[in-house]
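Hi there,

Here is the structure I promised to pass on.

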Amino acid sequence: MAEQDEHRDAPSRHRTTTVEKGPFCTAHCTCGWRGPARRARSQARTDAETHGRG
């Protein structure tokens with residue numbers, strides 16, 4: 001089951017979500033960026049937040 005986290009820091013530029021696949025969670029953005037696969041959901045969320053600020 002996929003867990004989605006929307007970050008509204010800059011809604012017109014970057015909308016991030018987290019996607020679960022097996023034991024891994026990955027942050028994805030509408031701009032095409034994808035973070036590394038993480039075992040910890042919290043770390044994938046942090047990757048998404050960090051990307052949204054940039």
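This is a predicted model: local features need pLDDT of at least 70, side-chain atom pairs count only at pLDDT 80 or more; totals for chains, interfaces and linings use all residues.

Let me begin with the strands. β1 (residues 16-21) and β2 run antiparallel and are joined by 6 bridges. One of the pairs links lysine 21 to its bridge partner in β2, phenylalanine 24. The hairpin has 2 residues between the strands, and glycine 22 adopts a positive phi there, near 65°.

β2 is largely enclosed by the rest of the structure, because 5 of its 6 residues are buried. Threonine 26 sits in this strand. With a relative accessible area of 15%, threonine 26 falls under the 20% cut-off and so counts as buried. Beyond its neighbours within four places in sequence, threonine 26 touches Thr17, Thr18 and Val19, as well as Gly35, Pro36, Ala37 and Ala44.

Next comes arginine 34, which lies in the loop between β2 (24-29) and α1 (41-53). Is arginine 34 buried or exposed? Its relative accessibility is 61%, so arginine 34 counts as exposed. Setting aside neighbours within four places in sequence, arginine 34 is in contact with Ala27 and His28. With histidine 28 there is also a polar contact between the two side chains, at 3.4 Å. As for threonine 18, its C-alpha atom is 9.5 Å from that of arginine 34, with the two residues 16 apart along the chain.

Best wishes

Technical notes. Residues are numbered from 1 along each chain as its sequence is written. Side-chain values use heavy atoms; hydrogens and water are left out. Helices (H or I, at least four residues) and strands (E, at least two) are DSSP runs, numbered from the N terminus. Buried means under 20% relative accessible area, exposed over 50%, partly exposed in between (1.4 Å probe, protein chains only). Contact means heavy atoms within 4.5 Å. A polar contact is a pair of N or O atoms within 3.5 Å; within protein, one must be able to donate a hydrogen and the other to accept it, and residues adjacent in sequence count only if both atoms are side-chain atoms. Two strands pair if DSSP finds at least two bridges between them.
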